[in-house]
Amino acid sequence: MKREQGRARPWSKKHARLGDRRMVLVTGHRRESLGAGLEAVCLAIRDLAERRPEVEFVYPVHLNPSVGETVNRVLSDLPNVHLLRPVAYPEFVWLMTRCHLILTDSGGIQEEAPSLRKPVLVTRNTTERTEALEGKAVELVGTDRAHIVEVVDGLLGDDVAYARRQADENPYGDGRAAERIVRLIRSRAW
Amino acid sequence: MTAVRPLILVGTRPEAIKLAPVIAECSRHPREIDAEVCLTGQHRGLLTPFVDYFDIPVHHDLKAIRSRQNLSDLTARMLKRITKLLEEVKPDCVVGQGDTTTVMAGALAAFYLQIPFVHVEAGLRTYDPTQPWPEELNRRLVSVAASLHCAPTPLAAEQLRAERVAAERIHVTGNTVVDALLETVRCSRP
């Protein structure tokens, strides 16, 4: 791993315009969410950005043209919405540690965020990762515009409710999975 | 005893992130493991920065991606190229992660050649073949073909047992994405 690329300082410098304001991190590009679903999620972010001008919304946009078209059309003219080109992994990790909460359709982020104690709202109707749903660290919000606005706005405005969504431990792993997997491979456990 | 020779398949960005800790751990045991890494060329433009960041050694690059190809073309091309590579390399096992076309074609190619397949992040299910599409089908196919199932959580392991996957082939390892995340957070401390 290239440690110099991971350093926090350049990322905080690159994103200096965020200041110390609350930030919502957004990602979304799954095949089944394209079209109407993505449009509704973008409109919800638009509503939220207008309702809460004191909050910054950061959205690294996937290179897939059908994603970029919708996102740019709905969100490019708002001062507190920052559409980024796809970011490298250490920069994304920095954004995750910096954010207040995450709105995403990604599976991996649902697995990572509990380790950082960041609540995740998932813009899908189903998830194969149900372990964190029980503790409310992760919630499915679907792709209904009004519902997404209600849930995100609720968490931005209620620090007690927010604190209840912060995971105490990560049900998906402890950071030693590779060690166990490689031990199985070494012992030809198949 | 001679070193185990796994061939590790990496297609998309999430696979690079989630297999990077496994590849790094293999390199910590050079006398016992001699791993080779194959990029299949899914999402190539998006993949390079991740391969660079995690210092993933690339031994083979199948370049199976074409613009505007459908899933049948991608699957067929991937299956042929992975098969050819397996015939050349003759690894002791093939390792793939998750629910992509890469892992599905890799498991099928290994199965046909009777090479054990190690599935990382096994046992995730929505039980709705259209959600996520086509990933739910991919991972179910892999569970039928694989010889070793590395389940991230007890729930995933339970789901595999419910499908009558042999219990002794299922191991709860945790999810490697947490390994990658915690290592990146460690590296980014100023």
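This is a predicted model: local features need pLDDT of at least 70, side-chain atom pairs count only at pLDDT 80 or more; totals for chains, interfaces and linings use all residues.
1. Start with the contact between the two chains. Chain B puts in 53 residues and chain A puts in 47. On the chain B side, the elements giving two or more residues are helix 1 (13-27), helix 2 (44-53), strand 5, strand 6 (148-151) and helix 7. Helix 7 of chain B has the largest share of that side, with 11 residues. By class, the chain B side splits into 32 nonpolar, 13 polar and 8 charged residues.

2. Now look at helix 7 (residues 176-188) of chain B, which packs against helix 5 (residues 89-98) of chain A at about 85°, the axes being 10 Å apart. Angles of 65 to 115 degrees count as roughly perpendicular, so that is how these two helices sit relative to each other. Helix 5 of chain A uses Tyr89(A), Pro90(A), Val93(A), Trp94(A) and Thr97(A), while helix 7 of chain B brings Leu181(B), Thr184(B), Val185(B) and Ser188(B). You'll find 6 nonpolar and 3 polar residues in this helix contact, but no charged ones.

3. On to the sheet in chain B: 7 strands, open, parallel pairing, in the order 3-2-1-4-5-6-7. Strand 3 (60-61) and strand 7 (170-172) are at the edges with a single partner strand each, so each has one side without a neighbour in the sheet.

4. Leu39(B) has Asp61(B) as its bridge partner.

5. Finally, helix 4 (residues 101-112) of chain B lies across strand 1 (6-10), strand 4 (93-97) and strand 5 (117-120) of chain B. Helix 4 runs at about 160° to strand 4.

Key. Residues are numbered from 1 along each chain as its sequence is written. Chains are lettered from A and ligands numbered from 1 in the order in which they are written. Axes are lines fitted to C-alpha atoms, for helices over the stretch in contact, and angles run from 0 to 180 degrees between N-to-C directions. Helices (H or I, at least four residues) and strands (E, at least two) are DSSP runs, numbered from the N terminus. Angles under 35 degrees count as roughly parallel, over 145 as roughly antiparallel, 65 to 115 as roughly perpendicular and the rest as oblique. Two residues are in contact if their C-beta atoms, placed from the backbone, lie within 7 Å. Ala, Val, Leu, Ile, Met, Phe, Trp, Tyr, Cys and Pro count as nonpolar, Asp, Glu, Lys and Arg as charged, and the others, Gly among them, as polar. Two strands pair if DSSP finds at least two bridges between them.
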